[in-house]
Amino acid sequence: MRKIDLTSKGKGINARRWDVVVLGSARPGLFAAARFTTLGLRVLVLEEKTPATDDVLIQEPFFFGSPNGSPLDKALTACGIGRLERRGLENTELTYQVITKKARIDVGKPMRCASDWVAYGISEREESEELVRELDIAGRAEAEALTTQNIVRAARRGTPSRFKPSTGIRGLPSIVRNVGVELERFFQAQIEIFATDPATLAPEIKSRILGRALSTGGYFNIPGVSLIEMVRKRISKVLGEFREAKGPFELVSAAGHPGILLKERDEALLGRVLLINTPAGHLGRCLKAWDLPVPKVLAEKPLAYFRYHTLNFHVPKERIPEAMHPRAILDSRRLPRAVAISVFPSKENDKYVDLTAQLLTRMDADVQNISIVVEEEIQRFFSFSGKKLESVGHKTQNVWDRPFDIETERNQQNWPNPIQIRVQRRQPIYALPTHGLDGLGAEGEAVLGWRAAEVIAPRP
């Protein structure tokens, strides 16, 4: 990282300083920025461009947790987002439904789910009731672990541990490992919605997904309102500021303060802390394309990148089954993995609804072919008339700031091992790698940002 001298005459560099500069607009960094503001720190979030207004369509469709005490609830509270500011985030007794060719199973209250298994002949009553009890207990233990264990490590000497050890049984209950084929597929479909690589997922995260779904769920019930928008409003309301980097920039430091130098404007944006909130590989390739130095902290790692591929359908209300929950998981053997279904009231016509279908895909996947297969399956399962289908797959033109990309590291089970966030020994430069959170979704990213901010916040 190049050092610049702002005291020399003739340089012509204008400098602005904040307590923290967050580089990128991904969800973990936004939660960190919000937490910084509650600690009384001035924050700049620098992004490539303002996110599109349809980001509600391309974010994770399901949230876990009750109104009080869930990891997401605690993260929002720590970031200064109170009840009145959570407009549109609705908690429901049913988290979602799992829909197959032969069954429609309600997932939410444990015994209701068990009754559905019995009714559809998936398992016997005694086995079903024991399964949901064990999963519910395990899911609660994992939720506690997510908020009480130290999931970040800053590698700073003398930094005390702020978190209590978790209590309760950890990991996937043994009874889950010996179920029938149909029940195993039911569990696998839920895991596929959240995890990029279910085969290598840690047992604790599988337990978190399956167990927390039996508690209670949440989703946004107002079109255009999203978790990201909620956090951004909080940042702007207090001590935060958003700016766009519309041209090339270089990572620099001045007088021990790291930041970036906007090349076209000769303007340095510096912080007492620099937080990299975007995949390091994307940012490093971008600097290289600009013919600018690539710091070692941005060295490309052997990571794979995924994102939620999204299709949008404009559907007559009468074509949606009355018994269908607004959030569902469609499990079809013809699809590469299970699909998350979300139904929103249409903003244009009250006789229609907007239905989105999302599935995790690798960034190098043939999304055109996947879209065709998904559309065929939506038609087959729901028998929509008129074929009024419109694909809205996420088509970002961002180069370095890709907030909806999901990093994953093959054959790594990083949970519950702490995530290393410090990337530069001599400079207060940190990163928020998400590959250690595969399967933890929005809650994991929210907790990562919240806890990271507490660990790295510059002291007076």
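Which residue's side chain meets that of arginine 140 in a salt bridge, and how far is it from N to O?

Analyst: The partner is aspartate 136, and the N to O distance is 3.2 Å. A salt bridge here is a side-chain nitrogen of Lys or Arg within 4 Å of a carboxyl oxygen of Asp or Glu.

First, the ground rules. The model is predicted, so local features need pLDDT of at least 70 and side-chain atom pairs count only at pLDDT 80 or more, while totals for chains, interfaces and linings use all residues. Residues are numbered from 1 along each chain as its sequence is written, and side-chain values use heavy atoms, with hydrogens and water left out.

Now the pair itself. Arginine 140 and aspartate 136 both sit in helix α4, residues 125–148. They are four residues apart, about one turn of the helix. Helices (H or I, at least four residues) and strands (E, at least two) are DSSP runs, numbered from the N terminus.

The two ends of this bridge have their own surroundings. Aspartate 136 is buried, at a relative accessible area of 15%. Arginine 140 is partly exposed, at 47%. Buried means under 20% relative accessible area, exposed means over 50%, and partly exposed lies in between (1.4 Å probe, protein chains only).

Another joins lysine 237 to glutamate 85, with the closest N and O atoms 3.5 Å apart. This pair links distant parts of the chain, 152 residues apart. Lysine 237 is in helix α7 (residues 227–237), and glutamate 85 is in the loop between α2 (71–78) and β5 (89–92). Lysine 237 counts as exposed, because its relative accessibility is 59%. Glutamate 85 is partly exposed at 31%.

Lysine 109 and glutamate 93 form a further bridge, 3.5 Å from N to O. They too link distant parts of the chain, though here the separation is 16 residues. Lysine 109 is in the loop between β7 (104–107) and α3 (110–119). Glutamate 93 is in the loop between β5 and β6 (96–99). Both are partly exposed: lysine 109 at 42%, glutamate 93 at 48%.

Some bridges join up. Arg334, Glu376, Glu377 and Arg380 are linked in a network of them.

Next, the whole chain. There are 10 helices and 22 strands. Of the 460 residues, 58% are buried. The accessible surface is about 20300 Å², and 48% of that belongs to carbon and sulfur atoms. Areas come from the Shrake-Rupley method with a 1.4 Å probe, and for residues only the protein chains shown count as cover. Contact means heavy atoms within 4.5 Å. Among contacts between residues at least 6 apart in sequence, 73% join residues at least 24 apart.

Helix α10 (residues 441–456) is worth a look. Of its 16 residues, 16 are buried, so α10 is largely enclosed by the rest of the structure. At 1.5 Å a residue, α10 should span 22 Å, and its end C-alpha atoms are 23 Å apart, which agrees. The expected span is 1.5 Å times one less than the number of residues.

Histidine 282 lies in helix α8, residues 280–289. It counts as buried, because its relative accessibility is 3%. Beyond its neighbours within four places in sequence, histidine 282 is in contact with residues including Tyr305, Trp400 and Asp405. Glutamate 267 is in strand β13 (residues 267–276) and is buried at 10%. Not counting residues up to four places away, glutamate 267 touches several others, among them Arg16 and Arg243. Proline 403 is in the loop between β18 (389–390) and β19 (406–408). Its C-alpha atom is 3.9 Å from that of alanine 26, although the two are 377 residues apart along the chain.

Last, the open space. The largest pocket holds about 520 Å³. Of its 35 lining residues, the closest to the centre are Glu407, Leu432, Pro433, Thr434 and His435. Elements giving two or more residues to that lining are α1 (27–38), α8, β20 (419–420) and β21 (422–424). A pocket, on a 1 Å grid over the protein atoms alone, is an open set of points where a 1.4 Å probe fits, with protein on both sides within 12 Å along at least five of seven lines; lining residues have an atom within 4 Å of a point. Points are joined across faces, edges and corners, and volume is the space filled by probe spheres set on them.
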